Amino acid sequence: MQIYAVYLPSGLSPLQVAEEAVLVRQGFDWKASLLTPGWALWHGLWLALALWLAWTSLVAIIGALAHLQPGATLFIYLVGALGFGLEADRFHQARLSRSGYLLQGLALGESIGEAESLYFNRRRDRPQVIAPSAPAKPAIAPGDRLGSPTQNIGADLLGLFPPQETKR
């Protein structure tokens, strides 16, 4: 089972939201690790591409200045590539957030299609929660004093003390 973060665009009708939903697989991404520049270009992640270029340049400079063996330079590069594979979902989620998508929850599934159908079926079957309406507060008359019996301030303080009858 894979875990997917569900991102939905804000401000659309429920039908349009389902069409525009984006699910991002959580966890290590081999494509982002091995094919970082192509993966970043495919997803439009310019910051990830810039970081990869900076990392590659830094590894090349360190390898040349320290006279490292090609195997050692490759090992240093692969450490950075593993970092890109681990952070790939974060890059994708940050881009979605900047684009106006909101994280709505998580979905489980063997594939992205299964996770999407399970998420939206569960969302469709979930009862709508209606916020309770607040009881109407009595208006304070202009002649009332603070703490007068007609005002009833603090009658049910956190539900700890029962309201007491006031005698006139």
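Me: Which exposed residues lie on the face of H6 turned away from its buried side?

Reply: This is a predicted model: local features need pLDDT of at least 70, side-chain atom pairs count only at pLDDT 80 or more, and totals for chains, interfaces and linings use all residues. Residues are numbered from 1 along each chain as its sequence is written, and side-chain values use heavy atoms, with hydrogens and water left out. A residue is exposed at over 50% relative accessible area, buried at under 20%, and partly exposed in between (1.4 Å probe, protein chains only). The face of H6 turned away from its buried side carries Arg124 and Asp125.

Me: How many degrees does the arc of the buried residues of H6 cover around the axis?

Reply: The buried residues in H6 are Ala115, Tyr119 and Phe120. They lie on the same side of H6, because their arc (that of the directions from the helix axis to the C-beta atoms) covers only 120 degrees.

Me: Which strands and helix are included in what covers the buried residues of H6?

Reply: Helices (H or I, at least four residues) and strands (E, at least two) are DSSP runs, numbered from the N terminus. Contact means heavy atoms within 4.5 Å. The cover of the buried residues of H6 includes strand S1 (2–9), helix H1 (14–20), strand S2 (22–25) and strand S3 (101–109).

Me: What is the angle between the planes of the aromatic pair formed by tyrosine 119 and phenylalanine 120?

Reply: Rings of Phe, Tyr and Trp (its six-membered ring) pair if their centres lie within 6.5 Å; planes under 30 degrees apart count as stacked, over 60 as edge-to-face and the rest as tilted. The structure holds 3 aromatic pairs. One of them is phenylalanine 28 with tryptophan 30, which is edge-to-face because the planes are at 80 degrees, with the centres 4.7 Å apart. Tyrosine 119 and phenylalanine 120 also form an edge-to-face pair, 5.2 Å centre to centre, with an angle between the planes of 85 degrees.

Me: What is the relative accessible area of alanine 32?

Reply: Alanine 32 is found in helix H2 (residues 30–34). Not counting residues up to four places away in sequence, alanine 32 touches Trp39, Phe84, Gly85 and Ala88. Alanine 32 is buried because its relative accessible area is 0%.

Me: Which residues are in contact with threonine 73, leaving aside its neighbours within four places in sequence?

Reply: Threonine 73 belongs to helix H5 (residues 70–98) and counts as buried because its relative accessibility is 18%. Leaving aside neighbours within four places in sequence, its contacts are Val59, Gly63 and Leu68.
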